[in-house]
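This briefing describes a single protein model for a reader who works from the sequence and the coordinates. Please consult the entry shown here alongside the points that follow.

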Amino acid sequence: YQRRVHGGAFQEVQVRGTSRSASGRMFGSSWLTAALGRPAAIVGVMSECSDQFKGSFANEGTILAVCTASVDDLQQRVLDSGCDRAIRAADFRPNLVLAGGLPWQEDAWGSLRIGSSVYEVSGPCSRCGQVNRRSAVEAKARDSPLRKRPRLKASATEQNSEQEPLRTLTRFRRSAVDGRTLFGVYLRSLSTKCSLSVGDHVAVETLVSPASLLLD
């Protein structure tokens, strides 16, 4: 990102090893630096920031998308490992769920047309142990009527002892760049005005080579 001290010029800010072209202001840097023992600041995305980083997931992208085909493939891998935990798209906290297609197709996406709007894939989402956690409310939630999934055990505890699905993801979804575990992709709108509705048609506009994305 770029950051800006009050009244000062913008500065580049590295977020998770990546330089972003968004803007923000620096808050509480003295207190955070003293508390953490290292240079630190809170960077807030401001109104002059590009549309790419307005809204949720502002530190990576506006939209976090996961594909049901990839969720289903991951579910089978978890079952094959001997764990009967139910894996749901909601476990990955997306704000866009895409149905249809092949597992892990998103690795090769460069841009998409969803409805009448075009979105660029800005990169994969790295995952931590949070995907293993599910609140009691989430655990009891019914599956969407748009998707029929087998009834599997869904623990009502916050943390599951099997450490799934992150344990299985880590076995085959490690980044070749930094070793992070990847699932889902970030999108940003390339359209001046855009809207999303349930049932919108999704078409791949451009492809990229996923050959070097993951460790062998």
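Throughout, buried means under 20% relative accessible area, exposed means over 50%, and partly exposed covers the range in between (1.4 Å probe, protein chains only). The model is predicted: local features need pLDDT of at least 70, side-chain atom pairs count only at pLDDT 80 or more, and totals for chains, interfaces and linings use all residues. Residues are numbered from 1 along each chain as its sequence is written, and side-chain values use heavy atoms, with hydrogens and water left out.

**Overall composition**

- The protein has four helices and 12 strands; these are DSSP runs numbered from the N terminus, with helices (H or I) of at least four residues and strands (E) of at least two.
- Of the 216 residues in the protein, 38% are buried.
- The accessible surface of the protein comes to about 12,100 Å², and carbon and sulfur atoms account for 54% of that surface; accessible areas come from the Shrake-Rupley method with a 1.4 Å probe, and for residues only the protein chains shown count as cover.
- A contact means heavy atoms within 4.5 Å. Among contacts between residues at least 6 apart in sequence, 69% join residues at least 24 apart.

- Rings of Phe, Tyr and Trp (its six-membered ring) pair if their centres lie within 6.5 Å; planes under 30 degrees apart count as stacked, over 60 as edge-to-face and the rest as tilted.
- The whole structure contains three aromatic pairs by this search.
- One of these pairs is Trp 104 with Phe 172, edge-to-face at 5.4 Å centre to centre with 75° between the planes.
- Because Trp 104 lies in the loop between strand 8 (96–98) and strand 9 (109–114) and Phe 172 lies in helix 4, this pair ties together parts that are 68 residues apart in sequence.
- Trp 104 and Phe 172 are each buried.
- Trp 104 also pairs with Phe 183: the ring centres are 5.5 Å apart and the planes stand at 85°, so this pair is edge-to-face.
- Phe 183 lies in strand 11 (residues 181–189) and Trp 104 in the loop between strand 8 and strand 9, so the pair ties together parts that are 79 residues apart in sequence.
- Like Trp 104, Phe 183 is buried.
- One aromatic cluster is formed by Phe 92, Trp 104, Phe 172 and Phe 183.

- The charged end of Arg 77 sits over the ring of Phe 172, 3.8 Å from the ring centre; the criterion is NZ of Lys or CZ of Arg within 6 Å of the ring centre and within 35 degrees of the ring normal.
- Arg 77 counts as partly exposed because its relative accessibility is 34%.
- Thr 168 lies in helix 4 (residues 166–172) and counts as buried at 4% relative accessibility.
- Leaving aside residues up to four places away in sequence, Thr 168 touches Leu 74, Arg 77, Val 78 and Ser 81.

**Salt bridges**

- A salt bridge is a side-chain nitrogen of Lys or Arg within 4 Å of a carboxyl oxygen of Asp or Glu, and the count by this rule comes to six.
- Arg 77 forms a salt bridge with Asp 73, with the closest N and O atoms 2.7 Å apart. These two residues are four residues apart in helix 2, so about one helical turn separates them.
- Arg 173 forms a salt bridge with Asp 107, the closest N and O atoms being 2.7 Å apart. This pair links distant parts of the chain, 66 residues apart: Arg 173 is in the loop between helix 4 and strand 11, and Asp 107 is in the loop between strand 8 and strand 9.
- Arg 173 counts as buried at 3% relative accessibility, and Asp 107 counts as buried at 16%.
- Glu 164 forms a salt bridge with Arg 167, with the closest N and O atoms 3.1 Å apart. Glu 164 is buried, with a relative accessible area of 0%, whereas Arg 167 is partly exposed at 37%.

**Cysteines**

- The structure holds zero disulfides, a disulfide being a pair of cysteine sulfur atoms within 2.5 Å.
- Cys 125 is in no disulfide, and the nearest cysteine sulfur, that of Cys 128, is 8.7 Å away.
- Cys 125 is buried, with a relative accessible area of 3%, and Cys 67 counts as buried at 1% relative accessibility.
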